[in-house]
2 protein chains.
Amino acid sequence: MTKKETIIESAIKLFSDKGFEGTSVRDIATHADVNVAMINYYFGSKDKLFESVVEYKASFLRGVFSELVNNKKLSPIEKIDFMIDQLIERKFSDAKFSHLLHRELSLELRPQLRDAISGILLKNIDPVKTIIKDGIKVGVFQPVDIELTLTTVIGTIHYLLTSDTICQKILGKKEGFSAFQNKHLKKRLSEHTKKLMRSHLLKNK
Amino acid sequence: MTKKETIIESAIKLFSDKGFEGTSVRDIATHADVNVAMINYYFGSKDKLFESVVEYKASFLRGVFSELVNNKKLSPIEKIDFMIDQLIERKFSDAKFSHLLHRELSLELRPQLRDAISGILLKNIDPVKTIIKDGIKVGVFQPVDIELTLTTVIGTIHYLLTSDTICQKILGKKEGFSAFQNKHLKKRLSEHTKKLMRSHLLKNK
DNA sequence: TTTTTTATTAAACATTTGTTTAGTTTTAAA
DNA sequence: TTTAAAACTAAACAAATGTTTAATAAAAAA
């Protein structure tokens, strides 16, 4: 790993944990074990480092749903099931970074980051829309509000992982309960969302 | 309005627009047209001001759903409909502040704010749980995952209002589109969510 | 009215912030 | 081996931040 990458990885970790404004360049330098000046040497500024972080993450993100659209072996509802599990898996493994991006978007203090971030967050939106659209066209799905159906799936998963506090309060759990690495919760969420989508989408239940 | 309240109202406005870290006490003082020192005089610190802001908002929030539980005139699904419209109305009129609270919770840098914030965000959670539970007991609703059903409703509404950028990208709107005061979107969201809950909850559709 | 408490101010304070400089070491090219 | 570019460092810089101080004005209590 190059020194530049070390800085980016440290920034990802610290931005995710403490937020962009809550992390100083000295924090990052210490964590990456480099001189503070190296951050400006490589990236120009703290803002530009954030942009690099977003680009770096985006480069690791491949569109997993584009090939799903033309898959002939899976039925529309099976494709939806697959999508739900993929989204849950991704969110659970990277919840803190995801919320970093959402915090940034909800503020929009750095407009130059807007498109890159929304690109990451909604990379798979078009394929999924198509899957639902096709299901309706074929007559397997009811004529639903496609965009808002999508919002429901993403919103449910996202909201549950806002914070341990929210999760505990909604689920009525004790204070020690941690959502993010909880396999049982993952399964429960998967089952709920699939069931929800089945009754919402399918004509013959 | 007292000077103390003027400061709180300015803080609400600026924290909502620019975030807590993004707002300086001098910003607030200027906006409230008071001397900077008055903030520490009245509140002690910027952190404590944030706490006062949260308490202040909480005092204006009454539980609208508690009386709904024992309402005999409305059927369970009508109660759900009412709840959905109430939640949408509230979120649309106060989206930025709501996101301020969610940003704070997702970071948890100020633990002393945790309970007050989750209290505001999930004030109505127990009555709504009860409404669904009763609907199941009476036999009108299917046996669903109550807590996650709630998460779906709140999550859908919340996610759609994350930012104009997210909203535009999901709905496929042009760049000028603004979500927050859009009556058509409000109606569309209401219809989608109600429809979703009907097919998810009702036994006889 | 005098005294005491409360409210208000401008200025200073101490830190922290992101950034730059000027110099040094290391690496690579000529 | 000499030279030029890149990598790296410690220190300094300037601006912004939250907070406190010391003094004054206003209000309330005695």
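## Where DNA strand D meets the protein

In this predicted model, the element that gives the most to the surface near DNA strand D is α3(A), with three residues.

Altogether, 16 residues surround DNA strand D. If you want to find the closest ones, look for A:Asn35 from chain A, and for B:Ser24, B:Ala37, B:Ser45 and B:Lys46 from chain B. By class, the residues of this surface divide into eight nonpolar, four polar and four charged.

Which element gives the most to the surface near DNA strand C? That is α3(B), with three residues. Chain A takes part through α2 (25-32), α3 (37-43) and α4 (46-60), and chain B through α3 (37-43); each of these helices supplies at least two residues. The surface near DNA strand C is made up of eight nonpolar, four polar and four charged residues.

## How the two chains touch

The protein chains also meet each other: 42 residues of chain B are in contact with 42 residues of chain A. On the chain B side, the elements that give two or more residues are α7 (95-107), α8 (114-121), α10 (146-160), α11 (164-171) and α12 (183-201). The largest share of that side comes from α10(B), with eleven residues.

What kinds of residues does chain B bring to the side that touches chain A? There are 16 nonpolar, 17 polar and nine charged residues.

## Chain A as a whole

Stepping back, you can follow chain A from one helix to the next: there are twelve helices and zero strands. Read from the N terminus on, the elements run α-α-α-α-α-α-α-α-α-α-α-α. The C-alpha atoms of chain A fill a box of roughly 65 × 40 × 30 Å, taken along the principal axes.

Of the 205 residues in chain A, 39% are buried.

How values were computed. Residues are numbered from 1 along each chain as its sequence is written. Chains are lettered from A and ligands numbered from 1 in the order in which they are written. This is a predicted model: local features need pLDDT of at least 70, side-chain atom pairs count only at pLDDT 80 or more; totals for chains, interfaces and linings use all residues. Helices (H or I, at least four residues) and strands (E, at least two) are DSSP runs, numbered from the N terminus. A residue is buried if 20 or more other C-beta atoms lie within 10 Å of its own, exposed if 12 or fewer, and partly exposed in between; C-beta atoms are placed from the backbone. Ala, Val, Leu, Ile, Met, Phe, Trp, Tyr, Cys and Pro count as nonpolar, Asp, Glu, Lys and Arg as charged, and the others, Gly among them, as polar. A residue is near a molecule or strand if its C-beta atom, placed from the backbone, lies within 6 Å of it. Two residues are in contact if their C-beta atoms, placed from the backbone, lie within 7 Å.
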